Amino acid sequence: MRLRNLLLAWLLVPTLVLWGLGFAVGYERSLQQAHEAYDRTLLGSALVIGAGIASAEDGEVVLELPHAALEMLRTDAQDRIFYRVADARDGATITGYEDLPPPAAPPQAGEPVFYDAEYKGQAVRVVALAHVLPTSSSPRRLLVQVAETLDARRRLTRRIVADSSLVQLLLILTAAGLIALGVQRGLAPLARLREDIRQRAANDLEPIATAQVPAEVRPLIDAINTHTGRQRELSQAQVRFVANASHQLKTPLTVLRAQIGHALMQTSLPAMRSVVEELDASTDATGRLVEQLLSLARSEPGRALVAESLDLSELARSVSFGLLAEAGAKGVDLGLAADEAVPVHGERLLLREMVLNLVHNAVVYSPPGGVVTVHVLRRGSGGRACLEVIDNGPGIAPEQRARAFERFYRLPSSNTKGSGLGLAIVREICARHGIEIALGDGEPNASGGHGLRVTLLWSTPYTGPEAGGSTA
Ligand SMILES: Nc1ncnc2c1ncn2[C@@H]1O[C@H](COP(=O)(O)OP(=O)(O)OP(=O)(O)O)[C@@H](O)[C@H]1O
Ligand SMILES: [Mg+2]
């Protein structure tokens, strides 16, 4: 529902109902007021009639009131007026309309009684008052009644009610109009905003300006801006990644092409064989580069984690097992210290990739005869999961350690083939799982220095369903 219609409905429905109620109540109140005003005139008429009553010589009561005078008493040209003078004791009519309905209780002297009645098929307002006529013998108590039809009173009431209702209705309609106008003006910046956004280029992820926007809508725009901010980072990361990847893939492809050309130029089979062997090694290296690029893409933020509970010791064991042959071929002693189950929560594939990269580095960069240990333990009072890969190879100098995490960065001393992506992948995966990573000194090496120690520390103690133990 449109905001304007909603506001109008909330304003108009209750106020129109109240207006209708006010109309009904107002009519009653105004009729009361009309009665109060006209009753005085009616009482005046009764007093005039009382004053016109006289006692004749023979004790008869006579009313000396010319018809014209009575006509004058009428409050309104349309109204009809009836009167009656009766004996207060027996109620016998002395003069006037005999069947004029008497009051429910006889009035006391000086206290006129007003009441509504029906006479000759019409509603009438009647005043009854007690009148004492002094006669020669004893004073005579009389009842004087004057009745009047209600035309004038009703017309006055209708006019009052119609006037005030009209004013109220105009007020309500004006308020509704102002609200509609206010809403339209208030929402105008949103319409402009809509146009701005509609005309934006698809790749324009700049934040939306909130200066002109109503305060109520600002949190929404802020939330959208936060969201597009994340999108912007994501798309920038993707652009960077694609640029890096295509740049990094160009070199090995050029090498491969050159090697193929070189192989084709060989005339003797043994010579060609040795070039093809080189070609084989280059293809392996290129394959690893592609794999590393893909796992970097997998570990980048933007894709939701498919997390599950798993045993870190089990993971370390399976990764180490997979690298045993490579380590053995190099004469590197790869050992595992993971006796108890250490449950963690995360995406199995990514965590595996992370551990694999670290152990692979330790094996690859250790010289023959080196010792590599993969250690899984719980650390601290909270029992935070911890994995360490320790070697006694050349290590990384403290001042180089920060750079080692950069994409495509390789230490100048590294002589083996590598793409420089392993530690960057590890860092991304750690960030996504809330794992702290630190590089430190490993075991002492033959040249008097230290190997490398990579420590991974999970941020919180594990609280998942398998907390406390699983397969060891
Ligand atoms: N255990 C280690 N001992 C000594 N140097 C290391 C060790 N691990 C990494 N490095 C150094 O850090 C650099 C970055 O390592 P990283 O794993 O990111 O890339 P890479 O091993 O060169 O390539 P990739 O792993 O992508 O094939 C390496 O080139 C190496 O010089
Ligand atoms: Mg590596």
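Trainee: Which residue stands opposite valine 126 in β7?
Mentor: Alanine 147 stands opposite valine 126. Keep in mind that this is a predicted model.

Trainee: How many bridges join β6 to β7, and which way do the strands run?
Mentor: Ten bridges join them, and the strands run antiparallel. β6 covers residues 122–133 and β7 covers residues 140–149. Another pair there is alanine 130 with leucine 143 in β7.

Trainee: What about β5 to β6, how many bridges there?
Mentor: Seven, and β5 and β6 run antiparallel. Alanine 117 has valine 124 in β6 as its bridge partner.

Trainee: Which residue takes a positive phi in the hairpin of β5 and β6?
Mentor: Lysine 120, with phi near 50°. That hairpin has two residues between the strands.

Trainee: What is the strand order of the open sheet with antiparallel pairing?
Mentor: The order is β4-β3-β7-β6-β5, five strands in an open sheet. β4 (93–96) and β5 (113–119) each have a single partner strand, so one side of each has no neighbour in the sheet. From one strand to the next, the twist averages 25°.

Trainee: Which helix packs on the sheet?
Mentor: Helix α1, residues 3–52. Helix α1 touches β3 (81–87), β5, β6 and β7. Its direction makes about 45° with that of β6.

Trainee: Switching topic. What is the strand order in the open sheet with mixed pairing?
Mentor: That one is β9-β11-β12-β14-β13, an open sheet of five strands. The edges are β9 (333–337) and β13 (435–444). Each has a single partner strand, so one side of each is left without a neighbour in the sheet. Here the twist averages 15° from one strand to the next.

Trainee: How many bridges join β12 to β14?
Mentor: Five, with the strands antiparallel. β12 spans residues 384–391 and β14 spans residues 450–458. Glutamate 388 has threonine 455 in β14 as its bridge partner.

Trainee: And which strands does helix α6 lie across?
Mentor: β9, β11 (371–379), β12 and β14. Helix α6 is residues 312–330 and runs at about 170° to β9.

Trainee: Now the ligand. How many residues surround ligand 1?
Mentor: 21 residues. The closest are Tyr365, Arg410, Ser419, Gly420 and Leu423.

Trainee: Zooming out, what does the domain assignment give?
Mentor: Domain 1 is 3–158, domain 2 is 218–297 and domain 3 is 307–458. The C-alpha centres of domain 1 and domain 2 lie 108 Å apart.

Trainee: What pLDDT does the protein chain average?
Mentor: The average is 89, and 95% of the residues score at least 70.

Trainee: Where is the pLDDT below 50?
Mentor: Over residues 468–472. In the model, that stretch has nine contacts beyond near neighbours in sequence.

Methods:
Residues numbered from 1 in each chain as written. Chains lettered and ligands numbered in written order. Predicted model: local features only at pLDDT ≥ 70, side-chain atom pairs only at ≥ 80, totals over all residues. Heavy atoms only, no water. Domains from an automatic or database assignment. Pairing = 2+ DSSP bridges. Helix = DSSP H or I, 4+ residues; strand = E, 2+ residues; numbered from the N terminus. Axes fitted to C-alpha atoms, helices over the stretch in contact; angles between N-to-C directions. Contact = heavy atoms within 4.5 Å. pLDDT = per-residue confidence, 0-100. Near = heavy atom within 4 Å.
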